[in-house]
Amino acid sequence: MKKYVLIPDSFKGTLSSAEICRIAAEEIHRLEPEAEIAAIPVADGGEGTVDCFLDSCGGERVLVSGVQNPYSEPIDAAYALLPDGTAVVEMAAAAGLPLVGDARDPEKTTTYGVGELMAHALTHGAKRLVLGLGGSATNDGGCGAAAALGAVFYDEQGRAFVPAGGTLSRITRVQTEALHRTLGGIPVTVMCDIDNPLCGPEGAAAVFGPQKGADAAMVARLDAGLCHLAQVLARDLHVQVLSLPGGGAAGGFGAGAVAFFGGTLRMGIEVMLDTVDFDRRCRDARLVITGEGHLDSQSLRGKAVIGVARRAKALGVPTAVL
């Protein structure tokens with residue numbers, strides 16, 4: 001009996017990865033009714049990541065009521081708790097662009113709700129956290145999420161506050177003792193598919209700020225705020241994030257995840273392949289079928305297609321790309 005592994009990314013705007021798996025499985029079974037099929041929908045850390053992990057690994061969707069959306073309004077949001085105790089949190093669930101509609105303002109939006117989801121997972125038995133970055137409406141360097149987990153930020157008057165993108169420059173010091181007690185040494189893996197630094201012409205504000213509603217003047221203010229945050233983190237937490245590849249992901253959340261949570265930035269597809277035990281499931285396959293909506297030079301920088309193809313090649317299994 002021949003075995004096929006189906007592991008596509010979504011075809012954005014057309015088909016989800018789960019739908020592609022279903023269609024491909026139907027066509028293979030039409031031609032080879034006895035074929036064995038392993039369907040592994042994947043995502044890169046953005047919207048749909050939780051669903052893909054649940055489809056591929058099983059587990060429980062945990063719905064949390066009353067977490068803060070980007071404008072600190074209560075919403076319901078979910079994360080995945082996998083059978084091995086891994087909790088998968090996608091930041092888009094609480095801080096994504098679709099949650100703000102046309103009211104885009106990265107100086108005011110917060111990642112606080114993402115931290116609330118992480119905290120809920122920790123208090124409900126999570127042994128490991130996977131944080132998916134992507135599709136954010138924020139530019140707060142992850143400060144909101146850190147505050148939700150216990151970090152305390154102080155302004156020039158010594159008052160505690162929760163920084164947003166427009167108030168990062170007001171931070172004079174940060175304390176993370178309570179945050180570290182909340183995390184309890186749990187490892188945090190961050191799905192991050194870009195290598196942009198925190199600041200500068202290739203940084204979070206300059207490259208991604210405009211799609212979140214920032215004009216040129218706001219981009220300059222946001223960039224200055226992130227640079228100031230990096231200086232505070234270097235002084236108070238002894239973590240250097242200014243030139244960290246991927247630090248600019250999700251409005252600087254890449255840098256914040258490393259500094260606040262001790263997170264490890266990894267390509268999203270590599271995290272996905274490890275979590276779903278791809279090497280074992282692929283080893284005796286005749287063919288791997290992957291794909292994405294548009295194949296271009298970006299695909300070769302670590303997107304799902306090239307990540308899957310590299311792993312399959314190492315196992316001696318051919319790969320077809322749709």
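# Close-up views of a predicted model

**View 1. Ala216 in helix H8.** Ala216 belongs to helix H8, residues 216-236; helices (H or I, at least four residues) and strands (E, at least two) are DSSP runs, numbered from the N terminus. This is a predicted model, in which local features need pLDDT of at least 70 and side-chain atom pairs count only at pLDDT 80 or more, while totals for chains, interfaces and linings use all residues. Residues are numbered from 1 along each chain as its sequence is written, and side-chain values use heavy atoms, with hydrogens and water left out. With a relative accessible area of 66%, Ala216 is exposed. The terms are set as follows: buried means under 20% relative accessible area, exposed over 50%, and partly exposed in between, with a 1.4 Å probe and protein chains only. Between the C-alpha atoms of Ala216 and Leu273 there are 39 Å, and the two residues are 57 apart along the chain.

**View 2. An open sheet of four strands.** The strand order is E2-E1-E12-E13, and the pairing is parallel. Strand E2 (36-39) and strand E13 (319-321) are at the edges with a single partner strand each, so one side of each has no neighbour in the sheet. From one strand to the next, the twist averages 20°. Two strands count as paired if DSSP finds at least two bridges between them. Strand E12 (residues 287-290) is joined to E13 by three bridges. Val288 has Thr319 in E13 as its bridge partner. In general, strands of a sheet pair through backbone hydrogen bonds, either parallel or antiparallel.

**View 3. Helix H1 across the sheet.** Helix H1 (residues 17-31) lies across E2, E12 and strand E1 (3-6), and runs at about 160° to E1. Such angles run from 0 to 180 degrees between N-to-C directions, and the axes are lines fitted to C-alpha atoms, for helices over the stretch in contact. The 15 residues of H1 should span 21 Å at 1.5 Å a residue, and this agrees with its end C-alpha atoms, which are 21 Å apart. The expected span is 1.5 Å times one less than the number of residues in the helix. Which residues of H1 are buried? They are Ser17, Ile20, Cys21, Ala24, Ala25 and Ile28. Seen down the axis of H1, these buried residues fall within an arc of 130°, so they line one face of the helix. The arc is that of the directions from the helix axis to the C-beta atoms. The cover over the buried residues of H1 includes E1, E2, E12 and helix H2 (49-57); contact means heavy atoms within 4.5 Å.

**View 4. Helix H12 and the residue that follows.** Helix H12 (residues 304-314) lies across E12 and E13, at about 170° to E12. The buried residues in H12 are Ala304, Val305, Ile306, Gly307, Val308, Arg311 and Ala312. Helix H10 (268-275), helix H11 (278-282), E12 and E13 are among the elements that cover them. After H12 comes Gly316, with a positive phi near 75°.

View 5. Six of the eight residues of strand E4 (residues 74-81) are buried, so that the strand is mostly covered. Eight bridges pair E4 with strand E3 (residues 60-68) in the antiparallel sense, and Val67 stands opposite Ile75 in E4. The hairpin of E3 and E4 has five residues between the strands, and Ser72 there takes a positive phi near 65°. E4 is also antiparallel to strand E5 (residues 86-90), over two bridges, with Ala80 opposite Val88 in E5. Four residues separate E4 and E5 in their hairpin, and Gly85 in the turn has a positive phi of about 90°.

View 6. Phe153 and Phe260 form an edge-to-face pair, 5.8 Å centre to centre with 85° between the planes. Rings of Phe, Tyr and Trp (its six-membered ring) pair if their centres lie within 6.5 Å; planes under 30 degrees apart count as stacked, over 60 as edge-to-face and the rest as tilted. Phe153 lies in strand E7 (residues 152-154) and Phe260 in helix H9 (residues 249-261), so the pair ties together parts that are 107 residues apart in sequence. Phe153 counts as buried at 1% relative accessibility, and Phe260 is buried at 0%. Phe153, Phe253, Phe260 and Phe261 form one aromatic cluster.
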